Amino acid sequence: MLACTTKGSIGEEMIWRVVVGLRDGVRDPRGDRVCREIAQHLNVTLQEVRTLDVYTIDAELDTAAIAAAAAGPLSDPVIQEYAINRPLATDFDILIEVGYRPGVTDNVGRTAREAIEYLTNRPFAHGEGVYTSTQYLLKGSLDKAAAERVAADFLANGLIQRWTILTPNEFITQGGVAASVPKVVTEGHPQVRVLDLAVSNEQLLQISRAGMLALNLQEMKTLQAYVVDPAVREVRARCGLDALTDVELEVLAQTWSEHCKHKIFSARIDYEDEQGQRQTIDSLFKSFIVKATRDIRAAQGDDDICLSVFKDNAGVIRFNDDWSLVFKVETHNSPSALDPYGGALTGIVGVNRDPFGTGMGARLIFNTDVFCFASPFYAQPLPPRLLHPRRIFEGVVEGVEHGGNKSGIPTINGSIVFDDRFAGKPLVYCGTAALMPALLNGRPGHEKKALVGDRIVMVGGRIGKDGIHGATFSSEELHAGSPVTAVQIGDPITQRRMFDFLLIARDRGLYNAITDNGAGGLSSSVGEMCEDTGGCELHLDRAPLKYPGLQPWEILISEAQERMTLAVPTENLARFIQLAREMNVEASDLGCFTDSGFFHAFYHGETVAYLDMAFLHNGVPQLIIPAKWTPPTLSEPQLDCPADFSEVLRRLLGRLNICSKEAVVRRYDHEVQAGTVVKPLTGVANDGPSDAAVFRPLLDSFEGAVVAHGICPRYSDIDTYHMMACAIDEGLRNYVAVGGHIDHVAGLDNFCWCDPVKSDKTPDGEYKAAQLVRANQALYDYCLAYSVPLISGKDSMKNDYQIGTSKISIPPTVLFSVIGKIDDVRTACTMDAKRVDDLVYLLGSTADELGGSEYYALCGELGSNVPQVDAATALARYRTLNIAQREGLVASCHDLSDGGLAVALAETASAGGFGMTVNLAQVPFGGEPRNDRILFSESQSRLLVTVHPAHRDRFEQLFAGQVWALIGTVVSGGKLRVEGLAGEGVIEAGIDDLKEAWQAPLREL
Amino acid sequence: MAKEVRAVVIAGNGTNCEREVAYACRLAGADVADIVHVAELLAGRACLDDYHFLNLAGGFLDGDDLGSAKAGANRLLHAPIVGSNEKLIDQVNRFIAAGKLVMGVCNGFQLMVKMGLLPALDGDHGAQSATLTVNDSGRFEDRWTYLKLDPESPCIYTRGLAGGIYLPVRHGEGKFVVARETTLDAIEARHLIPLKYCTADYAEPTLDYPLNPNGSVHAIAGVCDQSGRLFGLMPHPEAYLHRTHHPRWTRDEALPEAGMGLWLYQNAINFIRAELL
């Protein structure tokens, strides 16, 4: 070893520190941005922030090798300079260096290590590594206490990062920042403990709590009874087992978790409606969701588009004879609340693995994302532990940006919903669609089956303590406990390499089945796959680890990212592993699938788990939940018509739920793969809000996929039944607006609820459970009415924040995503007005339905008249619209949603760059019309369409017998003029003025 | 080699646009457009010698973790080929010496610049003299840009094109900067900047955001070497192959079927057919 007497050595080990910074005179946009954001977030004004990158290299390399690395891959000779084992920072008032805590995924460190290996042609030895950190050089008047706040509240996240703060004097005295290596050092040796369950109820619960197992008493007692069953004991004795091992307990806790077993959706619910009628619902999932799809498929017969529903990681529908579409939407709420960047990044790369691990595997074609946040301008004091909504906004957007962009998957559809109750828990929905060969090596691509004797092969990243008990970690323990396990950071490149490899392996027919390692890690992936054969033998000691010292149970349930599990026939194993090696992907043989009837795990040859498959998968007792629907007492506000409608319209356009999200949309690559035909932004200046996205997955075909969504949590405050109905209609309405084929579409439901189980913590559980029942009733009713089968979904049922006496529950929220087909993308429509003199039509009728509307919210009211959906007339309208679109009659089409007709008119006109004159007296209205009701009602199933005068007759003939009206004309001159019921002018506003009002609020975010 | 135009797109470790680039090559008339994973090249089962047109596609090589394309450049410069004494860079150098065409788009452009392949003044394809760095906005952005052509450029790909072209950029590190002003003077004087960000009428190059999306000096969007055969650009020509790629295709019925990005590939393929077969 080269002698190193500088501070670069720690003990006997060789530690190198390479610091890289920009040369004098080179602008530092990262520093500029941090400076700007510190001012915005913390109200701390600094003169300047500059940044330096630090690589701490813990490897036996000589000076020449380090110098070559510093001058080569680690720095850019044109704009950067570097220092080795000496400081580089100068001219600052405070220096903050932020690095990762031990065990946290360090993607840049991993890439730096590989680069040095290429450069030196010397693989790193076990235990060697590269660790990265960032130095922020702050100039301005702030003391160490203020710097601590900058570090803790903005630059770093204490869960995953640590920091050093130095003044210039300290920096000089210490000779720079001391090197430190965040290597994981684990104590103790791997061992398997056995648990004595012959204890009191209180002690059983204590075991569950202490182990963070989230098992309730009934479940713990089921386990207690299982191990004393004489038949079970006899079988276990053959493997040398008696009491449950910690490995077994953890597998059971994972498999029986709410996350994996959906216990609330599987529960028996005793429901009482407002008339006192009682009903027992045996599983919401079976009674409403599965039943809807089954009934629809039966009715559709030969027109059934479903290929694989509910049973796999994602749903599969038919695209054409050769290809199938795969779609899945997930939530990643709790991790995003803790670490917005890492949580969201993991959310997107995590949901990527779902379609990829569906059937025999599928190529990913697009992402969608929907976020629910509190206002980024939230100015109230926040309860302890909550991050400011603005920080959550920034972190989540950046996480999804990195996850999607780096993976080469366009993000083509999404939205952001604001409600201050989401301060308690932000919702982060991430969706991914994929394209799968209808037939693969002669068999349906959406089917798979592990066979007895197949090898269990894990592919991709290594296992660490990442995400162990992530779901059940409480806030207190997050600070006190081991930080390495709290949150995970996704690694898009490791995953990308794995996907590149697996697609080749798939096409060569090298495996029989594939699935994702998500929640529950190997315990879930192997546990589910071995249901195909009826058992497995899994050798935990053969799994590759990030660092030594993991307990066997940790190996089994770790949620370390970027891993898939496959069933590889023995005869293909060598070829499979050779291909993986060439493509820089790790693949490990962990055992085999059996038909023993047991989930059998070993550690160095000793049995550590031996669980009856039937008990593992079906042993969880059913939850019983009381539900009672008491409609809230609400009334309509008595409001006068506003004096200045133009001003109200501008204020509506500037509301967070309505305003432009362009700054976010542009941060996502929405065009990679060259398939995006209707992009998120459209119109004359590429800045109008598209209703949905149209994507051409095959470059040499004009067949397209269409994706859209509906989400309206505000209506939940009145009635979740109508909230659900409106979400379904909004999703479909957006879908047909761009030209999606209404008879070739499927839906996905993602429920995010507050805890609906009545308890001391949740005294209003019966009401929340009833809200859940009502939403499910609407889901069944409206999916059936529209003939939209559900193909997949997910639920996240504990979106509450509770510390001490402070409790925030999110509004019950369902994201209804739809995916379907357009036969020829050249018939797709966008929402922008196209030409002067085009006719403006409103399809559908308007009623006094302002309950939960954006207009009422602007007035500080909720109201009671929640919009109700008339699916039968809507379906006829959507089908007719499809015909008009295919015939090329529709110049533009825009859905009416938040803000009603007024907002739709403003958006269509300003995106098109034309004015519009409109007469409200023409609008078909059910009830007593008023200008404000017509303009701001959020009645569902309505669309604003512009049509060239030449197509007038044909268009009106198609819609004969339905509710529609010609309400105005597209005009030159850039003014939106709306005439009221009495012929009076109610709105007169320049479209540039309206666009400015719409763009201003979130432009800088 | 048979009388066919053979294009190759290198894939792997974070390339994202290889499929559409290969499709662009085929659409433009290439007889062969192979997507070859870099592992195939490093295993010695594929060889650049078998091709005329090397495409370095957009993406995030190694996540751009060390700066855009830095780790990727390091791999291409140092990775050995199994079963031979060659490194991959030897094949690249041989390819260039044979007068064949290399085009890098976005991350591929960053890769070429950081390997020293561009602008490679005076034929020095080894030393990095320029770089592409973080956008002035500090952010990744997806937006369409107007690009002014230099009719006097030796660039093969823009040969014969007049006025300008309209293409999307999708990057966080697209700001072109040079180490020395003399480099800038030289590439201007020799017309090695075939594309500059410009106003919507294609009249004037601009430094104004967002028309110039990243703050590139001299509004530089693309650069070629003196031979005109090596070319890199930040905007994505493979993202505008058909009228439905245009962000306003629903507004303009007169928009031609073929997209403007295809022109660059057609020029490359036509050149190969005329000069290299």
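A:Asp832 and A:Lys834 form a salt bridge in which the closest N and O atoms are 3.2 Å apart. The model that shows this pair is predicted. A:Asp832 has a relative accessible area of 0% and is buried. A:Lys834 is buried as well, with a relative accessible area of 7%. Because buried means under 20% relative accessible area, both values fall in that class.

In chain B, the side chains of B:Arg94 and B:Asp49 meet in a salt bridge, at 2.8 Å from N to O. This pair links distant parts of the chain, 45 residues apart. B:Arg94 belongs to helix 4 (residues 88-97) of chain B, whereas B:Asp49 is in the loop between helix 2 (38-42) and strand 3 (53-56). B:Arg94 counts as partly exposed, at 35% relative accessibility. B:Asp49 is also partly exposed, with a relative accessible area of 28%.

Other salt bridges share partners, and these join A:Arg33, A:Glu37, A:Glu394, A:Glu398, A:Glu401, A:Arg667 and B:Arg139 into one network. The network therefore has members from chain A and a member from chain B, B:Arg139. In general, side chains of opposite charge can pair when their charged atoms come close.

Over all chains, a search of the whole structure finds 85 salt bridges. One of them joins A:Asp312 to A:Lys448, with the closest N and O atoms 3.0 Å apart. A:Asp312 counts as buried at 17% relative accessibility, while A:Lys448 is partly exposed, with a relative accessible area of 23%.

The structure holds 32 aromatic pairs over all chains. In one of them, the rings of A:Tyr226 and A:Phe615 have centres 3.7 Å apart and planes at 0 degrees, so the pair is stacked. A:Tyr226 is in helix 7 (residues 217-228) of chain A and A:Phe615 is in helix 21 (residues 613-618) of chain A, so this pair ties together parts 389 residues apart in sequence. A:Tyr226 is buried, with a relative accessible area of 10%, and A:Phe615 counts as buried at 12%. In chain B, one aromatic cluster is formed by B:Trp144, B:Tyr146, B:Tyr166, B:Tyr202 and B:Tyr240.

Rings also meet charged side chains. The charged end of A:Lys821 sits over the ring of A:Phe319, 5.3 Å from its centre. A:Arg122 lies over the face of A:Phe124, at 5.9 Å from the ring centre.

In soluble globular proteins, nonpolar side chains tend to be buried together. The largest nonpolar core has 180 residues, and of these A:Tyr786 and B:Phe53 touch the most other members. Leaving out residues up to four places away in sequence, B:Phe53 touches a set of residues that includes B:Val8, B:Cys25, B:Phe95, B:Leu101, B:Met103, B:Tyr157, B:Tyr265 and B:Ile269. B:Arg6 is also among the residues that B:Phe53 touches.

Note on methods: Residues are numbered from 1 along each chain as its sequence is written. Chains are lettered from A and ligands numbered from 1 in the order in which they are written. This is a predicted model: local features need pLDDT of at least 70, side-chain atom pairs count only at pLDDT 80 or more; totals for chains, interfaces and linings use all residues. Side-chain values use heavy atoms; hydrogens and water are left out. Rings of Phe, Tyr and Trp (its six-membered ring) pair if their centres lie within 6.5 Å; planes under 30 degrees apart count as stacked, over 60 as edge-to-face and the rest as tilted. Helices (H or I, at least four residues) and strands (E, at least two) are DSSP runs, numbered from the N terminus. Buried means under 20% relative accessible area, exposed over 50%, partly exposed in between (1.4 Å probe, protein chains only). A charge sits over a ring if NZ of Lys or CZ of Arg is within 6 Å of the ring centre and within 35 degrees of the ring normal. A nonpolar core is a set of buried Ala, Val, Leu, Ile, Met, Phe, Trp, Tyr and Cys residues joined through side-chain atoms within 4.5 Å. Contact means heavy atoms within 4.5 Å. A salt bridge is a side-chain nitrogen of Lys or Arg within 4 Å of a carboxyl oxygen of Asp or Glu.
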